[in-house]
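Hello,

Here is the structure I said I would pass on. My notes on the fold and on one helix pair follow it.

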Amino acid sequence: MVEDETTLRVAVACMLRRRGFSVIEAEDGLAGVDLYLAHQTEVELVLLDVNLPGMSGLDVLKTLVGIRPDVKVILTSACSKDILASTTGDGRPLAFLRKPYHVDELLRVMHDAGL
């Protein structure tokens, strides 16, 4: 999970852990890429905020796809999905959740992704 809003990151990670998921947390894009490189064989899904300090979520997405083309990514943002559709290009990400999102929405999208 790559999210710069500490409260949101901690809350969502805690909720996912309570439901049996392992979660690796990063507070910015560069840390997210570094953690992905270190754990890519273990990572089944990346929950990625679009607006991150240092390296944007869209740049992180492009980097992750370059590392592993079949990476599963769910983008999150307070902005419109339509705006993102024009910037992500090749049909990525796997899904989009507009903030604020409900835990049930996240779990549904994760289930749809095969998790």
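What percentage of the 115 residues of the protein count as buried? The figure is 43%, where buried means under 20% relative accessible area with a 1.4 Å probe, protein chains only.

This is a predicted model, in which local features need pLDDT of at least 70 and side-chain atom pairs count only at pLDDT 80 or more, while totals for chains, interfaces and linings use all residues. Residues are numbered from 1 along each chain as its sequence is written, and side-chain values use heavy atoms, with hydrogens and water left out.

The protein has five helices and three strands, taken as DSSP runs (helices H or I, at least four residues; strands E, at least two) and numbered from the N terminus. Their order from the N terminus is α-α-β-α-β-α-β-α. With contact meaning heavy atoms within 4.5 Å, 55% of the contacts between residues at least 6 apart in sequence join residues at least 24 apart. The accessible surface is about 6,200 Å² (Shrake-Rupley, 1.4 Å probe), and 54% of that surface belongs to carbon and sulfur atoms.

The helix pair is α1 (residues 6–18) and α5 (residues 103–112), which pack at about 60 degrees with their axes 12 Å apart. The axes are lines fitted to C-alpha atoms over the stretch in contact, and angles run from 0 to 180 degrees between N-to-C directions. On the α1 side the contact is made by V12, M15 and L16, and on the α5 side by V103, L106, L107 and M110.

Regards

Methods: Buried < 20%, exposed > 50% of the residue type's maximum accessible area, 1.4 Å probe, protein only.
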